[in-house]
Amino acid sequence: MKIVIWVTEGTWTACVDAARDLPADHTVLLHVIDADSIEAAEGARAGLLGRGLADNTATTGTLTAAQARLLDAAEARLGRPTQREARHGRPEREVVAACTTADLLVLARDGDRGRLGPRSIGPHTRFVIDHAPCRVLLLWPEPPPGLETMPPPPHRPRRA
Amino acid sequence: MVNTAVGLLVLAGVLGFAVARPRGLPEAAAALPGAAVVVAAGLVPWHEVRAEVAALAPTVGFLAAVLVLAHLADEHGVFAYAGTLVGAASRGSPQRLLRLVFVLASVVTAVLSLDATVVLLTPIVLATATGIGVRPKPHLYACGHLANTGSLLLPVSNLTNLLAFTASGLGFTRFAALMVLPWLAVITVEYVIFRRMFALDLTATAPPLTPARRSAHPPWYAIGVLVVTLAGFALAEPVGVHPAWVAAVGAAALAVPRLARKPLGEAGRLVRAANLPFCAFVFGLGVVVQAVRSGPVGDLVDHLVPGDTGLLGLLAAALLAAVLANLVNNLPATLMLVPLVAHSPGLVLAVLIGVNIGPNLTYVGSLATLLWRQVLHTRDHSPGIGEFLRLGIVTVPACLLVGVGTLWASLHLVGLP
């Protein structure tokens with residue numbers, strides 16, 4: 001079985017811990033640098049008219065180095081050899097593209113988990129869940145909520 | 001009519017060149033010939049050119065001194081030290097890091113200008129955020145946005161402020177006293193919106209990736225010089241010393257220990273930091289904009305500028321400035337508008353709120369730059385422009401309203417000379 005683990009800052013440990021127990025013969029650690037992060041830094045430079053500034057390649061360099069460190073940490077935590085996939089672009093589309101030959105994608109919820117409901121899954125994760133061409137294992141980054149978080153059933157007016 | 005067309009064409013050429021930068025040539029390569037053309041065509045008489053250059057000279061000197069000051073502060077490790085400090089203080093929480101970045105970027109912008117935040121602080125914030133393993137996007141956007149919104153406070157904070165400062169007739173201290181309330185208010189508005197818009201990126205607390213670096217020895221000397229320079233701005237002006245001199249003395253104090261070690265290499269770096277082509281660009285652009293301002297286009301804009309400094313007048317001035325800043329970038333917008341409102345310090349400050357906050361709408365400075373970057377990016381992974389436009393559409397109107405409202409209150413509380 002080929003599994004892809006989507007490593008994202010903040011929630012990756014839960015994914016790696018869950019994947020450790022899975023019977024995989026091929027594990028891929030995937031991280032995507034959000035192209036918008038690069039544009040957030042470079043766009044501001046472009047806004048400085050007249051300064052003769054070119055785009056700063058160091059931005060991509062710093063992000064790539066951080067990506068490598070994160071994948072190192074994930075591989076060390078997983079404790080077995082993996083294939084690494086370091087991508088950059090639009091995260092949701094890159095993740096789906098990276099799953100074309102996978103049997104299982106492991107990813108974490110990244111939404112507002114304080115209020116359970118549609119928003120407990122963020123838009124990128126939502127897109128990936130909808131479009132991933134394989135099975136998906138969706139995890140809570142922290143222990144799952146208890147039964148008491150379930151809202152009461154909707155009130156139905158009694159028929160006379 | 002022909003004159004107007006020539007003036008507008010030259011201005012469009014100068015700005016278009018500055019946006020596209022063919023062969024990476026400096027922007028002055030079009031601005032100076034452009035200025036020569038409008039003078040040769042008789043659009044600006046020679047004595048007015050001399051007057052414009054003389055009026056701009058202290059401002060451009062100030063600009064060069066502040067650029068050098070920020071460069072030297074960076075060389076002394078001030079930004080790197082600030083980065084380790086906020087990294088350690090955030091204790092792995094992206095929300096705490098965002099708060100600290102807001103404070104840091106606002107202060108750096110106010111004291112050392114928006115260029116320092118964009119060019120020198122942003123890479124440090126990126127390294128800090130990735131170092132503690134949080135998603136860096138909100139913090140990068142915060143630097144970009146606060147370089148604009150955080151630049152309301154002092155005349156040194158933004159080149160637009162420098163250009164307007166002399167025309168406003170306000171002293172350094174009174175300028176700051178009038179702008180402190182709008183400055184704090186718009187930063188708060190930005191913070192509230194950032195917390196909502198980036199809620200997802202800010203929820204996950206990261207386990208630390210690398211052990212927290214021992215904070216290096218604080219660069220006390222450089223920090224001390226910066227504090228004294230800041231105090232010097234306020235103290236020197238009442239006795240008739242232009243702040244440009246204070247900035248130059250501050251820069252010299254930071255340069256001496258480095259020059260003593262490596263005289264030649266360091267001197268070269270200082271000249272590069274002063275960015276003389278940029279200074280030449282400001283002179284050239286000043287003359288070209290003057291050619292446009294003295295024709296029917298100037299009359300039209302003059303017609304649009306409100307006459308009174310009531311709340312609505314201030315709001316209209318700020319809106320006009322924000323729209324112009326997004327159409328053509330805020331430097332030409334400032335050069336165009338400030339002489340038209342110079343009779344009223346209140347309106348000058350309202351225009352500054354518009355030209356300083358406005359650029360956050362297109363984020364990359366102007367519509368032209370936005371379109372040009374889209375053209376450049378068609379071949380590679382094009383980053384979505386949706387995200388920063390959405391951020392701009394939410395923050396800019398809110399900041400303009402709150403900024404102008406608090407300016408109006410400040411004008412009543414602090415009063416004009």
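The model is predicted. Chain B and chain A bury about 3600 Å² between them. Carbon and sulfur atoms carry 61% of that area.

**Interface of chains A and B**
- Chain B puts 50 residues into the contact, and chain A puts in 43 residues.
- Two salt bridges link chain B and chain A.
- Lys137(B) forms a salt bridge with Asp34(A), with the closest N and O atoms 2.8 Å apart.
- Several helices of chain B each supply at least two residues to the side that touches chain A, among them α1 (2-20), α7 (137-149) and α20 (386-413).
- The largest share of that side, ten residues, comes from α6(B).

**Asp110(A)**
- Asp110(A) sits in the loop between β4 (104-108) and α5 (123-131) of chain A.
- Asp110(A) is buried but has no salt bridge.
- Within chain A, the side chain of Asp110(A) reaches the backbone nitrogen of Gly122(A) at 3.0 Å.
- A polar contact of 2.7 Å joins the side chains of Asp110(A) and Thr125(A).
- Asp110(A) also touches residues of chain B, including Leu200(B) and Thr203(B).

**Helix α18(B)**
- Helix α18 of chain B has 13 residues, 345-357.
- At 1.5 Å a residue the helix should span 18 Å, and its end C-alpha atoms are 18 Å apart, which agrees.
- α18(B) is mostly covered, with 13 of its 13 residues buried.

Conventions
Residues are numbered from 1 along each chain as its sequence is written. Chains are lettered from A and ligands numbered from 1 in the order in which they are written. This is a predicted model: local features need pLDDT of at least 70, side-chain atom pairs count only at pLDDT 80 or more; totals for chains, interfaces and linings use all residues. Side-chain values use heavy atoms; hydrogens and water are left out. Helices (H or I, at least four residues) and strands (E, at least two) are DSSP runs, numbered from the N terminus. The expected span of a helix is 1.5 Å times one less than its number of residues. Buried means under 20% relative accessible area, exposed over 50%, partly exposed in between (1.4 Å probe, protein chains only). Lys and Arg count as positive and Asp and Glu as negative; His and the chain ends are not counted. A salt bridge is a side-chain nitrogen of Lys or Arg within 4 Å of a carboxyl oxygen of Asp or Glu. A polar contact is a pair of N or O atoms within 3.5 Å; within protein, one must be able to donate a hydrogen and the other to accept it, and residues adjacent in sequence count only if both atoms are side-chain atoms. Contact means heavy atoms within 4.5 Å. Buried area is the accessible area (1.4 Å probe) that two parts lose on being put together, summed over both. Lists of a residue's contacts leave out its neighbours within four places in sequence.
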